[in-house]
Each structure stands twice: as C-alpha cells, then as structure tokens.
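Me: Please take a close look at one helix-to-helix contact in this model. Then describe the parts that surround it in the chain and beyond.

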Amino acid sequence: MFETKSGIFLIAGLGFFMLAFVVMALIPISIYSGESEQSVEEIAADGLTHEFVDLAERFPEKFNEYFGKPDPKSYAVALRRGHKIYVGEGCWHCHSQFVRPVSNEEQRWGSVSYASEYENELQRPVLFGTRRVGPDLIREAARRSNDWHIAHFYEPRYTVPTSVMPSYRWFFDDDGYPNRDGMSIITYIQWLGSWQPEYPYWTGEGPPPALKADAAPDAAGSEENV
Amino acid sequence: MNDKIRNSAMAADPRTLVDEKIVLAFLSASLAYVLIAMLAGLLYSLQFIDMYPFAGIEFWSPGRWRFVHTQGVAYGFIANAFLGALHWAVPRLTRHPVLDRRLSWFIFFAWQAILVATVVGVLFGEAQALEWGETPVWIDPVAQLGLILVAINFLTPILKTKGPMYVSLWYFIAAFIWTPLVYAMGNFLPEYVIGGSAAGAIGGLFIHDLVGLFVTPLGWGLMYYFVPIILKKPIWSHGLSLVGFWGLAFFYPLNGIHHFLYSPIPMFLQYGAIIATIAVELVVTTVIINFFGTIYGRGDALRSNLSIRWFYIGMVFYFTTCLQCAFQTTLTFQRIIHFTDWVVGHAHLVMFGVFGFWIMGLMLYLLPRVMHVDEWYRPRWNHWHFWLTGIGMLIMFFDLTSAGLVQGFLWKALAPWSDSITASKPFWLIRTISGTAIIIGQMLFIANVFMTWRLSKSGALQSTPTQHDPTHEDDAGAPALA
C-alpha cells in the first residue's frame, strides 16, 4: 500500500487531499452557509455613503459624466469599479482588511473583524490581506475626507511625508481632478467599514484614544503632525 | 537506480528516452524568468526606499510589478525548471519515454504563452486578489488544462512501470494529482463559488498547497533522484523515506488556514492547522536526517561538487524555514509577526533559498549534459554565482526577519503608523542591496550558460558524442569542477 501506485494515487494523492479539503474547507463553508452573500446591488440599496454624495456635489459635471446621479445604481457601478482597481493595482499587497483581536489592533483601527462582514461580492476573493506596509483599511470609511484621499492618491507624501505608497497619477485628469477611476477607488475606500454602527475616529497619527487622558490629540492638526 | 537504467535494454541509449532539447528549452525559459521576476522584485523594492524610477506611470505601477515578481517565480522560474528536470528524470526512472514528445513541446509553448499572457494581463490591471492566483481569470482555464496535460504526459510512463517504484516516483505521482486539484481549488472556488471567510480558508489552502503539494513534492522527488546519482550512494534509509513521504502527504494539506490566524475562520480549525504545521516540521526533520545520513562519509562533495553544495545548503535552509514555521505558526508569534516583513523573509527563504537553490544545483548538473560540453565557459563564475546568491539570501532573510520584529512591536505599542515606516526604511535598503547581490549572481550564471551554449554550438567545448554518456556521473558532478 505504501509503495504501490494505487496506494499513492488513491490514498496520498486523492484521499489525503480530499480529507484536508473536507476538514479545512467544507467545514467552514457549512458553518457559514447560513450567511447569504450580499451582491453589490444589495449593498448599494442599503444606502449611499456621505462621501459618495460629496463627490457628486464637489465634481458635478465629471460625476454626472462618469456615473450619472448619486443613486444606488451609480453607487454599485462605482463600488465595483473601485474594487477592481483595488485588486488590479495590488493595493491588497500592502493594506490588509482584517482587524485582529490581538496586538492592540482594536485601539488602532476599531472593532475586531467578524465573519458576516466578509459575506459580500466585494470580498471575492476575500481581501484579508497579506502584509501591512500601510494601515489596515477595513475600518477606513469616513476616517479621512475625500479631499485627503484625493491629495493622497495624487501624491501620498502631500499628506503623509514618510509614506512609501506609490503615487497614482492615472486616477486623475490632466486638470488634477479625480477621473472615473479616482472617484471609484475613493468610493470603494470610503465604503470599507461604513456598515459599522460607529465610525472610528482615530487616524493612526498622534496619540490613540486610549492615551487621550495623558495627552489630548490636536484635533485640527493631528494628521499633519506625523 | 543508475545501474538498473544502464542495464536495461530500453535504456541502452538514454537519448531515445530523454528529449534533451526540451530539457534545455525548459531550463532556458526558467533562467529567463528568474531574471525577469528578480528584476521585477528589485524594481518593486525601490519603491520602499523612495527611489522608484518610474513614479506616477500607470504601466509601471509598483503593485502590478509585484505580481510579475511572484507569478514569475512560481510559474516561470520554478515550474519551468521542474518541468525541464522532470523530462530528464522521469524517463530515466521509469525506462519509458513521456507519453508524447509533441505533447511536451506543445506544453512548453503553451506554458510560455500562458506566462506571457499573465505578465501582460497583470501589467494592464487584470489581476485576481489571491496570492499566486493572480493570473487573470481568462487564463485560469488554459493553465488548468496545461497542468492536466503535464500530469497525463508524465503519469503515462510512470504507470507503465512494473515492480517497486523508487521514492522519487511516489512524490511525482502525488504531485501530478495534487497540482491540478490545488490549482482548480484556488482559482475557481473563491472566485466563482464560495465567498467570505470560508473563501479565506480556501485561499489559505491554495497558497499553502501550491508550495506544499506542487513545489515541495517535485523538489524532494528530484532531490531523491539527483543526490544519490551524484554521490553514487543509495539513500540512507528507505524507512525514513516512507515516513517523509507519507507524513508530508497527510499533514501538509491540512496547513492552509495557518495563513489567517485570528481571522473569523472558526478557531478550532485554526488550532488544527497550527498542530498540523508543527507536525510537518517533525516530518521534515526525518527527511533532513535521511539526506544527511546519505551524505555522511562523502562530506567532501560539498566542497568538490557545486550541485551537491547547492542541494545541501538548500536543505539546511529548508530545515530553517520549517523550524521557523513551527514557531511562527503559533498564536504567540502571530500576535507580533503577522502582516510584517518577517513573513516576507520566510517566503523568500523557502521559495528561493530552498527551491531556487535546488534548481541552481539541477541546472549545474543538467545544462552541460544537455549541451554536450565537458566544461563551463568560466567555471569561476559559477562559484561567484553561488557565493553572491548564498550571502545575499542570508542577509535578506535576517534583514527581513528583524524588520518584521521591529514593525510588529511598534504596531503593538501603538506607535504612530509612520514610525513603523521610518523604522523599516534601513531594513528595506538592505533588502534592496542583498537582492541586487542575488541578481548579479544570477546574471553571471546566465551569462555563463549563454557563453557555454554558444561555444557548444561552435564546438569549442564539445565532447565527442559517443564518449559522452549523460548517465555517467563523475565524482565532480558538474563538469566545471572536475
């Protein structure tokens, strides 16, 4: 059995692989089978983020050209496109989407990640992430303004002088305003964590909320004081 | 093993068994991709030290070039090299040629087309969000078909063999079954069928199984073949070979979830994956003991034979990564090192420090034989290749491991995020420098291969074909060191 073709083919090759697949894949699949996966349209039907509406108000002509009115339909289009860019540019190489219950991550980013928030089309394949060069993004919604993101995508060093993030000039038109891709990726980033009952407010710069008693953060300039 | 081959009537002329041209073709493609993938990695690393030369240009987006680095290494460098070595080893081990040589050539060109399409696809922003599964969705089915054809092409001669099979063939059979299954699981299920945390579990299985069930069994199978042949000694213990194979087959597929510890994947499965990972380390120890038992008494080969040196340094690195893994997979270590450069260091040590080193040893052995030369254009360059690569690899590993600890503890201390970036920059500079040393080493080797090939065409280094028996092993193995 241990040295025969059939033993190796059937037991080691197929058998052990299937065993591992049953244990390590089918069990979690069955555990989470009760959670139905949300489509992007269903996400959009839950309501728009303020930041998406803000983009429409700030850049009315361009927004109208790219997406039309800020409604659930256009929101779904922008989210999908933003997600594709997030994946295609490899943003997930340096930004995780997963707050762990250890290493004080709750204090830095907000509540610990839970299973149901990954049950949607924009987590396909799931974007837990692989490395954190930049901060985690699953609690990013509304943490920073659209303006901050626009400046940051154009040249990350404008907002975070020590940043090693690439500049994404192709998210912008020649006049310096965000183009379709720019607005989509900002819509996507501002969606990450918008389902949370409470938005986190600490930007990761300056003293964290837990230490506020010792030193009150400079609310106005905390992002610049890096 | 070798005597069997030599005495067999079928193998009276090994060249009827082995298509040497395809071995050379696959190995050359592998060398081309190691250069492309490493240059992409070097380019990407420049982003981290504020020296990226093409900032703000869409085509040169660093994130896209990172895909070229990881995909190029896995499917260009390692897969091509293994396919080349398998075309050499499988017919010799089974005494049957592959199913069809035309199929081999079809696979060769199809695989290169898949690679080119992958590189072009990811550079135009079509990647998928799964490490090593980034291949654009429209290439996945073609690559899947290619892997099935590879399995058929090699399994046919293996199934034709009668009687007991050598260790290498156990690993090869298993790898040819596992690889298409793993590829299908990772590239289709999370994309089309399963979402959410369960897909995370499958993604973890995929990235781990690609190393553990595709690269590792082929790598060890080739080691079990080439080490005894070069040393002219049998493997030390058949029993340990059995333990190593069956232990790997049982425990390795259970490891995947250890990539997402503290995630919403059920905790009991995370514990299971951790235990299975530590078990793999114990299995690996038996394999390492077996190979060091084999070389015992022939330690001089480490000095005199460059292939053996690459193989055994690779094995030392293998033991190191697996030992490291047994610790880093524990929840205690995970608190600090997850998401840091520690993991990046680990990945580089295992993919290049182990399998890359083995491939270099294989190339040193195989290339002169398929080019029919007795010596290298510049034997010294091969030594430079070894030392630049080895020292570069060690520096990169220690550098990234230390960087990971610095980052992890700064995060835990709730230091401003930018502090972790500032603290990492010196480490990232050293990474770029050590990577450059590795690349210079590969360039020297590639130049040496090219010049040797050119001279082999002109006949300057050519041995008379009748005297050259590719199954003949001189003590030195690589002719350069004779």
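Reply: Leu103(B), Ser104(B), Ile107(B), Ala110(B), Trp111(B) and Ile114(B) of H5(B) meet Val142(B), Ala143(B), Gly146(B), Leu149(B), Val150(B) and Asn153(B) of H6(B). Two residues are in contact if their C-beta atoms, placed from the backbone, lie within 7 Å. Helices are DSSP runs of H or I with at least four residues, strands are runs of E with at least two, and both are numbered from the N terminus. The model is a predicted one, in which local features need pLDDT of at least 70 and side-chain atom pairs count only at pLDDT 80 or more, while totals for chains, interfaces and linings use all residues. Residues are numbered from 1 along each chain as its sequence is written, and chains are lettered from A and ligands numbered from 1 in the order in which they are written.

The residues of this H5(B)–H6(B) contact comprise 9 nonpolar, 3 polar and no charged. Here Ala, Val, Leu, Ile, Met, Phe, Trp, Tyr, Cys and Pro count as nonpolar, Asp, Glu, Lys and Arg as charged, and the others, Gly among them, as polar.

As for geometry, the axes of H5(B) (residues 101–123) and H6(B) (residues 140–160) come within 10 Å and cross at roughly 155°. H5(B) is therefore roughly antiparallel to H6(B). The axes are lines fitted to C-alpha atoms, for helices over the stretch in contact, and angles run from 0 to 180 degrees between N-to-C directions. Angles under 35 degrees count as roughly parallel, over 145 as roughly antiparallel, 65 to 115 as roughly perpendicular and the rest as oblique. H5(B) and H6(B) make a left-handed crossing; that term applies if the near helix is turned anticlockwise from the far one by less than a right angle, and right-handed if clockwise.

H6(B) also packs against H7(B) (residues 167–193), with axes that come within 10 Å and cross at roughly 165°. H6(B) and H7(B) are therefore roughly antiparallel, and their crossing is left-handed. Among the residues in this contact are Ala143(B), Leu147(B) and Phe154(B) of H6(B), and Phe172(B), Phe176(B) and Tyr183(B) of H7(B). The contact of H6(B) with H7(B) divides into 15 nonpolar, 3 polar and 1 charged. Ala143(B) takes part in the contact with H5(B) and in the one with H7(B).

Further along chain B, H10(B) (residues 267–295) and H12(B) (residues 306–328) pack at an angle of about 160°, with axes 9 Å apart. They are therefore roughly antiparallel to each other, and H10(B) passes H12(B) in a left-handed crossing. The residues involved include Val284(B), Ile288(B) and Phe291(B) of H10(B), and Met315(B), Phe319(B) and Cys322(B) of H12(B). This contact has 14 nonpolar, 1 polar and 1 charged.

Two other helices of chain B can be checked for span. The expected span is 1.5 Å times one less than the number of residues. H3(B) (residues 20–48) has 29 residues and should span 42 Å; its end C-alpha atoms are 43 Å apart, which agrees. H15(B) (residues 379–412) has 34 residues and reaches 50 Å from its first C-alpha to its last, close to the 50 Å expected.

Two backbone details of chain A remain. Asn104(A), in the loop between H5 and H6 of chain A, has a positive phi near 60°. Arg124(A) and Pro125(A) are joined by a cis peptide bond, with omega about -10°; Pro125(A) lies in the loop between H6 and H7 (146–154) of chain A. Most residues other than glycine have a negative phi, and most peptide bonds are trans.
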